[in-house]
Amino acid sequence: MTAETSQTLDRGLRVLKLLADTDHGLTVTELSHRLGVNRTVVYRLLATLEQHALVRRDLGGRARVGLGVLGLGRQVHPLVREAAMPALRALAEDIGATAHLTLVDGAEALAVAVVEPTWTDYHVAYRAGFRHPLERGAAGKAILAARRPPRPSGEDVDAPGYTLTHGELEAGACGAAAPLLGVTGVEGSVGVVMLADVVPERVGERVMHAAREVAEALR
């Protein structure tokens, strides 16, 4: 800690991070051990965070992340969208297809930014706010693929770093998407959707490049 930082705020943020990393919550004693502070300090931190609905405690006394973090999370989408727009515009114009940034929202994929090309005679209409299961469509499948652990060296080479689908969300439409990698706290993908029988070969690499651009803008 430096003279310019707040020790109490730092501890409170560490509590939130610890709770976010567990599905079953943590007790006061467990938090005390992990933070290296006494139980009284932890009680005070939890009480303050509970007042802002950022933490809740169940009947067994285990602390968990509270619903208040959802309100904070909603404000992240506009910031992420703004950072992604230049790369999405370039992708849409280059490929001539509708480009999108999709983030995880529970068990669903949520399109938070969409850019349609300006020069094509026709293209797929795709709107920000569109949701679909992670298991369907290129955007969701790219995210799920990124969750899988890498294969040990010596095994078969992993598939390309992008996902292709056809007709899973809209008849006659195909998609290509690549996951956002190396962005703390953001799980998503960048992709395109187009009316075509086959995705052109160069689209996969172009989508991966756009995903890297967006990831860099968010770091």
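In what sense do strand S7 and S8 pair, and over how many bridges? Strand S7, residues 173-179, and S8 pair in the antiparallel sense over 7 bridges. Here two strands count as paired if DSSP finds at least two bridges between them. Helices (H or I, at least four residues) and strands (E, at least two) are DSSP runs, numbered from the N terminus.

A word on the source. This is a predicted model, in which local features need pLDDT of at least 70 and side-chain atom pairs count only at pLDDT 80 or more, while totals for chains, interfaces and linings use all residues. Residues are numbered from 1 along each chain as its sequence is written, and side-chain values use heavy atoms, with hydrogens and water left out.

Back to S8. On S3, residues 98-105, the pairing with S8 is again antiparallel, over 6 bridges. Val 193 in S8 is the bridge partner of Thr 98, and Val 193 is also the bridge partner of Gly 175. Strand S8 spans residues 188-195 and is mostly covered, with 7 of its 8 residues buried. Buried means under 20% relative accessible area, exposed over 50%, and partly exposed in between, with a 1.4 Å probe and protein chains only.

Now the whole sheet. It is an open sheet of 6 strands in the order S5-S4-S3-S8-S7-S6, with antiparallel pairing. S5 (131-133) and S6 (163-166) stand at the edges with a single partner strand each, so one side of each has no neighbour in the sheet. From one strand to the next, the twist averages 30 degrees. Axes are lines fitted to C-alpha atoms, for helices over the stretch in contact, and angles run from 0 to 180 degrees between N-to-C directions.

S3 also pairs with S4, residues 108-115, in the antiparallel sense over 7 bridges. In that pairing, Leu 101 stands opposite Ala 113 in S4.

Two helices to mention. Helix H6, residues 137-147, packs on the sheet and touches S3, S4, S5, S6, S7 and S8, where contact means heavy atoms within 4.5 Å. The direction of H6 makes about 30 degrees with that of S7. Helix H7, residues 201-218, packs on the sheet too, touching S3, S7 and S8, and its direction makes about 145 degrees with that of S8.

Last, the aromatic rings. Rings of Phe, Tyr and Trp (its six-membered ring) pair if their centres lie within 6.5 Å; planes under 30 degrees apart are stacked, over 60 edge-to-face, and the rest tilted. The count comes to 1 aromatic pair. Tyr 126 and Phe 130 form it, edge-to-face, at 5.3 Å centre to centre with 65 degrees between the planes. Tyr 126 counts as buried because its relative accessibility is 9%, whereas Phe 130, at 32%, counts as partly exposed.
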